[in-house]
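I opened the notebook to record what I looked up in this model, starting with the ligand and its surroundings.

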Amino acid sequence: MAFEGLSSRLQETIKKITGKGKVSEQDVNQMAREIRLALLEADVNFKVVRQFINDIKERAVGQEVMESLTPGQQVIKIVKDELTNLMGGSQSKIAVSDKPPTVIMMTGLQGAGKTTTTGKLANLLRKQYNRKPLLVACDVYRPAAIKQLQTLGKQLNIPVFEMGTEANPVDIAKKALEYAKEEHHDYVIIDTAGRLHVDGELMQELKDMKEAAKPDEIFLVVDAMTGQDAVNVAEQFDKELDITGLILTKLDGDTRGGAALSIKAVTGKPIKFVGMGEKLDQLEEFHPDRMASRILGMGDMLSLIEKAQATIDEKKAKEMEEKMRTMSFTLDDFLEQMEQVKKMGPLDELLSMLPGANKIRGLKNVQFDEKQLKHIEAIILSMTKEERENPQILNASRKRRIAKGSGTTVAQVNRLVKQFNEMKKMMKQMANMQKKGKKGKGFTFPFM
Ligand code: GDP
Ligand code: MG
């Protein structure tokens, strides 16, 4: 897995500071030292590392105090924010021309993954954005290259424009654009030739193509496995071609991650997509924040905390937490909890943001939608106080009465009781996770 070493080292470091109720300057320095080493070992550009560490230190020492996060958590949040910034901050979307077709030029060294990614990108554009792409074969130096693209086109059922190996790439690009207009293609993706190294002849050809095709995007495809070499190549291509974005391939391999972490800072150009495997559906839009979370092993924990902070009454949350810990959680609490959570969004989605949540058994049984929520509300409100506090006493005749009173069925009442029990079980597991957390791992769940 990519980032494995970096990830585990950063997580080690973070673990030490997370639980801290007080963070001294010395703690921050210690952490910064460890992060610095971890990044250097992951082959991150040393200048990038220096800047990164300075930014973290500055923010961590001068941090303002937020009520709901512990100082340790705040420091972690800073690290996560900075890691996100390092990789570009927010997601950078693919261009859309207001005069279709949108033209994309794929460039890069030989073997970086241009041709494969050309196919993958067309597939993604069609599937995710409902586009009608055309692929263009401009690698005329190897007959096999055209064949490769045609094979991909056939697999995907996406047309490939080619003029054999005799034509000039600039002419092919021009003709392809005419053809795309006639056939109402809204994206044209041009696969170009690569070389083993950056050379003048290649650059000139790419510049000529740029001149002729006026691309909306010039993507540089780089192999993430090549680490700092990828960063150097990116700098050179960018200098010559003024690229618009990067596609990092082979992030499914065991790359240390240096390229992914340095390339934006060094070139100033965003990573737009990442290749996560050889298959044609293994290209993903790049989200810096998700990648940062992944590297730090925290799911989308922090955005969850932020979301919770924004919506949930803190005092109530504390009460809930206490109830959850002592297992004195009743159907009334359940109802109240659901009302709170409703303000935040779908519960299953929220829970899935928790690190380790996928390991919690029963999670998939706890799913609610708005309509269900209305039923649940009606059912609970049809119960006596005693029943709400102790649903075990619900026998068949009580359930019939409740179903009738709430305009639901006995099956729905049963389902609710089952969900409630699942949730209680799950809470117990979470409370346990959290208890372990007190020894230095994990976070508190302010929304529970
Ligand atoms: P090009 O010379 O730049 O056109 O590179 P190709 O598209 O021919 O790809 C070179 C090799 O890298 C092929 O074997 C691809 O299957 C492989 N490849 C491309 N992208 C990825 C990726 O994201 N993950 C993995 N594991 N392999 C990839
Ligand atoms: Mg190729």
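I take a polar contact to be a pair of N or O atoms within 3.5 Å; within protein, one must be able to donate a hydrogen and the other to accept it, and residues adjacent in sequence count only if both atoms are side-chain atoms. The model is predicted, and I kept to its limits: local features need pLDDT of at least 70, side-chain atom pairs count only at pLDDT 80 or more, and totals for chains, interfaces and linings use all residues. Residues are numbered from 1 along each chain as its sequence is written, chains are lettered from A and ligands numbered from 1 in the order in which they are written, and side-chain values use heavy atoms, with hydrogens and water left out.

Entry one, the ligand. I found an oxygen atom of ligand 1 at 3.0 Å from an N or O atom in the side chain of Gln-148, and an oxygen atom of the ligand at 3.3 Å from an N or O atom in the side chain of Lys-120. I also noted a ligand oxygen 3.3 Å from a polar backbone atom of Gly-277. Taken alone, ligand 1 exposes 580 Å² (Shrake-Rupley method, 1.4 Å probe), of which the protein buries 80%.

Entry two, the secondary structure. I counted 19 helices and eight strands, where helices (H or I, at least four residues) and strands (E, at least two) are DSSP runs numbered from the N terminus. Helix α5, residues 114-129, gives the most to the shell around ligand 1, with four residues.
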